[in-house]
Amino acid sequence: MSTNPSREELVERATKLAPLLRSRARWIDENRRLPDDVIDAVEESSLLNMQVPAQYGGYESSTRDFVDVLAEVARGNTSVAFCLSIYASLTWMTALWPDAALDEVFATPNVRISGTTAPTGTATKVDGGWVLNGTWRFNSGVLHAHWKVTVALPTEPGAAPVPIFALVPTADLRIVDDWYTSGLEGSGSVSTVAENVFVPEHRVITGEDFYQNRSKSAVNVLKPKYAAPVLVPVTAIQTGQLVGAARAALAAFVERLPGRPITYTDYPSQLDAPVTHLQVGEAALLIEDAEARARTYADVIDAKAAANEAWTEQERVWSRVQIGWVAHQAKQAVEILAQASGGSSIQRDVPIARLQRDIHATSLHAMITPSVNIELYGRSLVGLPPNTVYL
């Protein structure tokens, strides 16, 4: 009988984090990273165990569990939610590596894994492993990560242009403090540099194995959970933070309404203006639709894993557009609320402007951008093949 926390228990733990996360929002943005007390609280919540394989004491939580949990975390702070979505996604990915590598990685309690999949470095084959060199940008959460998934192209003459994926301790990499942005400031998505970093063979898999989900773990290869195309669950996980950010914006907007006049009108309170009712109603419906889609998407993934069903190409295209459309709806809702919030909302201590910046930044992620994903879906509907291998 499983002793893992239920979805309700995990969501409750996320909800209890929210007051601390809200209170630290300004510090997080100004310092462009997460504070130690937030990291400590996240560790105490055990939410970092949700995607850890069961043989290492993890929960192997469902995709739906993580969607609902991240929605609650994002209601506290979007940068924290973004970092947790990265840690969860990369932890799920890491389960594809050989057991010898997993024994190393998951020996650390509350392990945090960051990473990117862009092959912006080189890998030279040497006796017993590989030597990495290069620079990788946009490493969200790496300032607090123990390990990083690092992708590089082999340098051997005549080698096929197939990257290798390497698990590297963050201590082996040099951090470049270059994360100065107008959104998701606290994600600390700095660049990392490898300078002749040796990676043993057991901590390396090929790009073909990664994207085809050929698990090298003798334990995890038997689990349907890890049979889904890698980009399907990791994008679904991130839908929760979009929904949570939009819900936080709606709550913050309604909280500020009483007693706020609409300047240069006869309305002594914005609460009484019909235009406000239309704005709140439209934003709420967009958020409700985004949440329903995110949950349906997660439930499809979990159901297919339970039935051990393979994913068709058409289903993989469909999965890509889900996060794009959730982002579209959530962003549209927040834009409506931001435009209705008045000039005072741009002050640093008013949450709506930060939420607007953060959800805009999230929507610009290459795997999330609505227009790209909608185009991909439209191509499939008119019978054209996908114009990407990232499915």
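This is a predicted model: local features need pLDDT of at least 70, side-chain atom pairs count only at pLDDT 80 or more; totals for chains, interfaces and linings use all residues.
**Exercise 1. Is Asp65 buried or exposed, and what does Asp65 touch?**

Solution. Start with the place: Asp65 is in helix α4, residues 63-76. Next, take the cut-offs: buried means under 20% relative accessible area, exposed over 50%, and partly exposed in between (1.4 Å probe, protein chains only). Asp65 has a relative accessible area of 10%, so Asp65 is buried.

Then list the contacts (heavy atoms within 4.5 Å). Not counting residues up to four places away in sequence, Asp65 touches Arg7, Leu10 and Met50. With Arg7 there is also a polar contact, side chain to side chain, at 2.6 Å. A polar contact is a pair of N or O atoms within 3.5 Å; within protein, one must be able to donate a hydrogen and the other to accept it, and residues adjacent in sequence count only if both atoms are side-chain atoms.

**Exercise 2. Describe the largest nonpolar core.**

Solution. A nonpolar core is a set of buried Ala, Val, Leu, Ile, Met, Phe, Trp, Tyr and Cys residues joined through side-chain atoms within 4.5 Å. The largest one has 32 residues, of which Leu242, Ala249, Val326, Leu337, Ile352 and Ile359 touch the most other members. Helices α8 (231-256), α9 (274-307), α10 (313-339) and α11 (351-363) each supply at least two residues of this core. The most come from α10, with 9 residues.

Now look at one member. Leaving aside neighbours within four places in sequence, Ile352 is in contact with Ala249, Leu337, Ala338, Ser341 and Ser345. A second, separate core has 29 residues, including Ala101, Val149, Phe210 and Met367.

**Exercise 3. How many cavities of 30 Å³ or more does the structure hold, and which residues line the largest cavity?**

Solution. The search uses a 1 Å grid over the protein atoms alone: a cavity is a set of points where a 1.4 Å probe fits but cannot get out, a pocket is an open set with protein on both sides within 12 Å along at least five of seven lines, and lining residues have an atom within 4 Å of a point. There are 5 cavities of 30 Å³ or more. The largest cavity holds about 70 Å³ of space. Its lining is made of Leu47, Leu48, Met50, Gln51, Phe66, Leu84, Tyr87, Ala88, Thr91 and Val111. Helix α5 (residues 78-94) gives the most to this lining, with 4 residues.

For the largest pocket, the volume is about 900 Å³. It is lined by 37 residues, and the closest to its centre are Thr116, Phe138, His365, Ala366 and Met367. Helix α5 gives the most to the lining of this pocket too, with 5 residues.

**Exercise 4. Why does Thr150 count as buried, and which residues is Thr150 in contact with?**

Solution. Thr150 is in strand β4, residues 147-154. Its relative accessibility is 0%, so Thr150 counts as buried. Leaving aside neighbours within four places in sequence, Thr150 is in contact with Leu132, Trp136, Ile164, Phe165, Ala166, Val168 and Leu173. The side chain of Thr150 also makes a polar contact with the side chain of Lys148, at 3.3 Å.

**Exercise 5. Where are Arg32 and Asn196, and is each buried or exposed?**

Solution. Arg32 is in the loop between α2 (25-31) and α3 (36-45), while Asn196 is in strand β7, residues 190-200. Arg32 is not a glycine but has a positive phi of about 60°. Asn196, also not a glycine, has a positive phi of about 55°. Arg32 is buried, with a relative accessible area of 18%, whereas Asn196 is exposed at 58%.

Technical notes. Residues are numbered from 1 along each chain as its sequence is written. Side-chain values use heavy atoms; hydrogens and water are left out. Grid points are joined across faces, edges and corners, and a volume is the space filled by probe spheres set on the points.
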